[in-house]
Amino acid sequence: MRNTFAIIVSLVIILAVGAFLFYRLLMKSVPEYQGDKLLGGLSQSVEIYTDQYAIPHIYAESDEDAAYALGYMHASERLFQMDVERRAGEGRLSEIFGSKTLPYDRMFKTIGIDRTVKRDMAKLNPRYLSLLNAYSNGVNAYIKEAKGKYPVEFDALGYDPYPWKPEHSLIIGKLMAWELNLSWWTDIAFSNLVQKLGEEKVKEILPDYPENAPTIIPSGLRSAPEIPTAFIETDRSFRQFAGFGGTHIGSNNWVVNSQKSASGKPIIANDPHLALQAPGRWYAAVIRGKNWKADGFTLPGIPGVVIGKNENISWVMTNVMADDADFYVEKLDSAGKKYFFNNSWQDLKSHRYTIHVKDSDDVEINVKETHRGPIVSDIHPYNTLFPERYKKKATLSMRWTGSEFSDEFYAIMAVNMSKNWGEFREAVGHYYVPGQNFVYADKAGNIGYICGARLPIRSSVSPSFVYDGSTDAYDWKGYVPYEQMPSLFNPPENYIASANNKTVSSFSYHISNLWEPPSRIERITELLTGKQKHSADDFKGYQTDFVSPYAREMTPYIVSAFNSVKVKDRTLSSTLNLFKTWNFSLDEGSQVPAVFEVFFQFLLRNTFEDEMGRNLYNEYVFMANVPYRSIMKMLKENNSSWFDNVNTKAVETRDDIIRRSLIDAIRYFESHFSSSIEDWQWGKLHKVTFKHLFHGKFGALDDIVDIGPYSVGGSGTSLFNTEYSFNDPYETILGPSMRYIFDFSRPDEFYLILTTGQSGNILSKHYKDMTEMWVKGRYIRVATGDREVRNSGYSLMVLR
């Protein structure tokens, strides 16, 4: 017994010491918010006041010192996040993660984000480059100071960060442009559908808008070499690895002028919809340099306020959903050194890279380029391991606007410095990728909108398919001049709103066919036109609204499908009665949203999967806005051959499939929950967990590094966007990455909420101190007036 007791006591001591050491390991990188720090690279001292949510208020005598301080603060809170993102863009993940990330490194070496940035550094507008250099110096000051105390992720992976360079900030910007670029998916996926299902079947399920020419599928596409999907498979795998889930990659923004504002001044709001992860994407800051005085939301790794305000204006953004990439089927010679173009053989450019792989041999790759861009069909490792299997597939090259010269850093900094509409408009003219809807307001009472994007001019009327690369007939003919891009200034409606909807009703050039379904913009319009005057508090309610006009439009089809049949089942009858009295709000505690969303999943499967098969179906529903728009169009027209189940002798109609899908949904709840409708709340199915990059890697540590789960309402069609994957319902993977509201009548404050918190340090009290407020639709007030900040009692740190 004495021995047993001694062993137990020893184990307790060992566990206690281990827990203490583990706690110390996690806490060592939690930053300090007060005191003096002596750092090299500053021209004068910088004061940083940090509020109760770790939002820094940076006071510097020069803009360069302000940028230095922002770099230092970014690194102190988000160093691991910044390091992983620059590594991804550079194609250097395998150095720390090993061979499992090799396909991603091959992909980004091929796309050439790092190559593009280094090529274009010398062409950048020099006006704000000193801020980029100062920011890098600030990041490096922290990297040097924190050696031996880096965040625990560095210890877990066994490496130290290398020095930060100005190009790393630009690489992160390009990586975000790639994350928001999904137009390439349609080209490959739709072409693949045509090859496997035929033109007539695919025409019925392609979403389109009137300003685009009628869908014309390129002749010979079905008989062309099979379009490989390895590129989109690898990219999708990377997005899952990096936590870039979801395809409703858009936002809501709107502004009202003094005529519709309860305060008598413009009020502006924004909530960008991005993948939900821990830590979140944004870092809030208040910056006071010599000329650079801006407040709002920054991206760790990049100097500049991306969304926010200065002393004169405020600006917000949503994704244009621009079609900014095309693919071409190339014909190569037997040696793989030339490509056939306009009846002659042209030399391929070649770039050789060595990818260093942790605990494995280096990997050599050879990236080939045509005059349009890189050959992207070779990125999957299976192409190298099993060349015979893949040699019959088409060789694809890609042209993407993100690979062209652009200077978004200059554009954002020029926006930060703008004093009026004219300066703002000039600044946005330098912004190309990712294409954004810029909505604007100023203290003079003006409101405006500009489409900030680079739109290729195409001769083709079928921009959603892979092109023949042997001719210049499908080459881009330049870009739409900035003067012709959609814009708006002080409209008579007295408000402006965008929600990734169709930009303009008629436009001479192709913008996109990947618009979001109109549900969110319809709801915004309902709210903004539903009363004469709006307040900042009203805007808070609008941003957290769960009403779905999409559900409102679809529900009558569900109810009417049962009008011609006698309903005997009590549960089915009760469900239909609930639909008849529903207010179309997707509240987490309600049962009707749950039944509707599960019904919708079965509606898609019962309509498409019998002919597509599981794999092709999963490919088709990957881009959520495509099936959302297509199925609604099919319900309205009621003449699609897709409703017939090819596996049965009967010829099913639209209403047959609707009835079957609702019955399938009820059976789902009865088998997964209970036979009582009272137990079928939407929030039991629909949850959100903010997952760390280490999620699932270290077992029980998920409870420490992840945040959640929380039950949430909404869906991809509500203003409070809580998208789930149609391939893996019903976990929320994308939503408002932050919320921002600013009333010009109160210039020294604004309202915000982040998804998690300011810090990426796991045991920091600011790692997740905003999450519950985000879920519950609450906000924090951020003071920006100098007197209030300096007399607030905030923590003060001085960089000397």
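**Cavities and their linings**

Modeller: The largest cavity has a volume of about 530 Å³. A cavity here is a set of points on a 1 Å grid over the protein atoms alone where a 1.4 Å probe fits but cannot get out, and lining residues have an atom within 4 Å of a point; volume is the space filled by probe spheres set on the points, joined across faces, edges and corners. This is a predicted model, with local features needing pLDDT of at least 70 and side-chain atom pairs pLDDT 80 or more, while totals for chains, interfaces and linings use all residues. Residues are numbered from 1 along each chain as its sequence is written, and side-chain values use heavy atoms, without hydrogens and water.

Colleague: Which element gives the most to the lining of the largest cavity?

Modeller: That lining has 34 residues, with Gly173 and Glu408 among those nearest the centre. Elements giving two or more include helix H5 (113-120), helix H8 (166-179) and helix H14 (408-417); helices are DSSP runs of H or I, at least four residues, numbered from the N terminus. With five residues, the top contributor is H8.

Colleague: And which gives the most to the second largest cavity's lining?

Modeller: That cavity holds about 90 Å³, and its lining includes Ile172, Leu175, Met176 and Glu179. Helix H2 (63-90) and H8 each give two or more residues. The most, four residues, come from H8.

Key. On a 1 Å grid over the protein atoms alone, a cavity is a set of points where a 1.4 Å probe fits but cannot get out, and a pocket is an open set with protein on both sides within 12 Å along at least five of seven lines; lining residues have an atom within 4 Å of a point.
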